[in-house]
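Please read this report on helix packing, the ligand shell and the domains alongside the sequence and the model.

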Amino acid sequence: MSGIDGYTKFVNGGFGKKIAGTVGLPQPTVLRRYAVGQQLIEGPAAIAGIGDAPALDAVRSVLSDAGANLVDAQSDSEYNEKLSAVVFDATAARTLDQLQQLRATVGPAMKKLGKNGRIVVLSAVPAEETDVEAAATQQALEGITRSLGKEMRAGGTANLLRISQDAPDEALEGPLRFFLSSRSAYVSGQPVTIGAGDVPTIADVHVPLKGEVAVITGAARGIGAEIAKVFARAGAKVIAVDIPAAGDSLAKVANSIGAVALQLDITAPDAGERIAKAVAQHADKLDVIVHNAGITRDKLFVNTDENRWGSVLDVNLQSQFRMNRVLLDPSVQGGLKDGGRIVSVASISGIGGNRGQSNYAASKAGVIGMVRQLAKELEGRNITVNAVAPGFIETEMTAKIPMGTREVGRRLNSLLQGGQPVDVGEAIAFFAEPASAGVTGQVLRVCGQSQLGA
Ligand code: NAD
């Protein structure tokens, strides 16, 4: 239970569980997290869909590859065993009446979901519909999935995968695997769109980043250190970047995973050139850039001076522009290759705003704007650009929050606990994988479906 907060540990012990049950206190479940070699899901999966459910073939293939027992769910089915997952293909739904099928099929299956269960709803992209009722029906699926996320129990999650008309059949596999697996432990109630892309077959699901070279900024501690570890576990060669003052911890992280440590303040005007130089020294190409380094300088807006404003915007956003400009220049040796990946770390603060964080929220909302626009610009080079927006993650950054506020932030989400840095690492690795070639311009919240930043 390392990294798990004290209260969660307490209510998962015999005595604590009893007290929490009697008094009606929140009872967070210790979430299942990924370990190398782990099975995709532990028990049977119920699958069903509307009409000819065109995406179910891909679902069957992923689940049978993973050795999962499949149950074809029918309306009002009864189940003998606990289920691990429910996948419902609503991509063919065109009328509101058809949503009754989802209710009648997913309802009974949901009741039988075991601990850390998964619901994945597959939909079309509402904006691609030409018929008004079809667009309303497809949009309704988001409302349903978000609500299911809020009703899941015992560490379960519910997410929505929107499959564009342009997405090749293979594009579903990577996202489906991520959302079914324990790698998405702290992601719930989120929609992700899958579009066009040149998606290769997955050679080994346990080392999806084998042979890839990734630069990760802010890697000396917290979330960045964990991203670096997840990338190394997934087979990537990592170039770990952090400020010179964090040199010792950076070296420790780098040594533990065989990474290259690069001491660099990313706000330096030549940061992009220095990263490219380091890449060129240690590898022949750059596959992934992870913009993770970030700072907070919280104050109410009226008390925020030029320095607090400027430093946060510079580290969290403007430096990314400068580095991207260099690393995206095809003539730069050590720059990002075509078909590469950019993943930026945003925050739910950049989605919902936060008291005392107008500078930080500006920078993180700016990251989201940058990612969406850059994704369009780089489509022609098959470079995907995505952002992960963490909620309350247990790090030194959040340990500094006063206790009362910290406890509220930690519990006000569907999973009743803070996330672990590894949860952010897993989501970033998902975007970075070759199998995610169809996923671009997306912002994925890793927040346990937090009600803050909503
Ligand atoms: P952290 O403070 O523990 O780590 C940030 C790292 O970035 C540090 O190692 C720091 O030295 C490095 N860094 C800062 N300025 C730098 C610079 N100019 N050049 C190079 N490196 C620099 O923070 P964390 O909690 O691990 O956060 C990582 C990212 O996640 C940040 O972008 C943060 O805004 C974001 N985030 C965190 C949370 C959370 O709950 N912890 C929530 C939402 C978003």
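Helices α10 and α12 cross in a right-handed sense, and in this predicted model the axes of α10 and of α12, which spans residues 358–377, come within 8 Å of each other at an angle of roughly 15°. Angles under 35 degrees count as roughly parallel, and α10 and α12 are therefore roughly parallel to each other. On the side of α10 the contact is made by R308, W309, V312, L313, N316, L317 and Q320, while α12 contributes N359, Y360, A362, S363, K364, G366, V367 and M370. Sorted by class, the contact of α10 with α12 has 8 nonpolar, 5 polar and 2 charged residues.

Helix α10, residues 306–327, also meets helix α9, residues 271–282, where the axes come within 7 Å and cross at roughly 50°, which makes α9 oblique to α10. The crossing of α9 and α10 is right-handed. From α9 the residues A271, G272, E273, I275 and A276 take part in the contact, and from α10 the residues S319, R322, M323, R325, V326 and L327. The contact of α9 with α10 divides into 6 nonpolar, 2 polar and 3 charged residues.

A further pair is formed by helix α7, residues 222–233, and helix α15, residues 421–432, which pack with their axes 8 Å apart at an angle of about 50°, and that angle makes α7 oblique to α15. Helix α7 passes α15 in a right-handed crossing. The contact brings together G222, I223, E226, I227, K229, V230 and F231 of α7 with P421, V422, V424, G425, E426, I428 and A429 of α15. By class, the contact of α7 with α15 has 9 nonpolar, 2 polar and 3 charged residues.

| Helix pair | Axes | Angle |
|---|---|---|
| α10 and α12 | within 8 Å | roughly 15° |
| α9 and α10 | within 7 Å | roughly 50° |
| α7 and α15 | 8 Å apart | about 50° |

Helix α7 leads on to the ligand. Which residues are the closest to the ligand? Of the 28 residues that surround the ligand, the closest are G218, G222, I223, G294 and I393. The elements that give two or more residues to this shell are α7, β8 (237–242) and α13 (396–399). Divided by class, the shell around the ligand holds 14 nonpolar, 10 polar and 4 charged residues. Both G222 and I223, listed among the closest residues to the ligand, also belong to the α7 side of the contact with α15.

As for the chain as a whole, the domain assignment divides the chain into domain 1 (1–30), domain 2 (45–194) and domain 3 (213–446). The C-alpha centres of domain 1 and domain 2 lie 30 Å apart.

Technical notes. Residues are numbered from 1 along each chain as its sequence is written. This is a predicted model: local features need pLDDT of at least 70, side-chain atom pairs count only at pLDDT 80 or more; totals for chains, interfaces and linings use all residues. Axes are lines fitted to C-alpha atoms, for helices over the stretch in contact, and angles run from 0 to 180 degrees between N-to-C directions. Helices (H or I, at least four residues) and strands (E, at least two) are DSSP runs, numbered from the N terminus. Angles under 35 degrees count as roughly parallel, over 145 as roughly antiparallel, 65 to 115 as roughly perpendicular and the rest as oblique. A crossing is left-handed if the near helix is turned anticlockwise from the far one by less than a right angle, and right-handed if clockwise. Two residues are in contact if their C-beta atoms, placed from the backbone, lie within 7 Å. Ala, Val, Leu, Ile, Met, Phe, Trp, Tyr, Cys and Pro count as nonpolar, Asp, Glu, Lys and Arg as charged, and the others, Gly among them, as polar. A residue is near a molecule or strand if its C-beta atom, placed from the backbone, lies within 6 Å of it. Domain bounds come from an automatic or database domain assignment.
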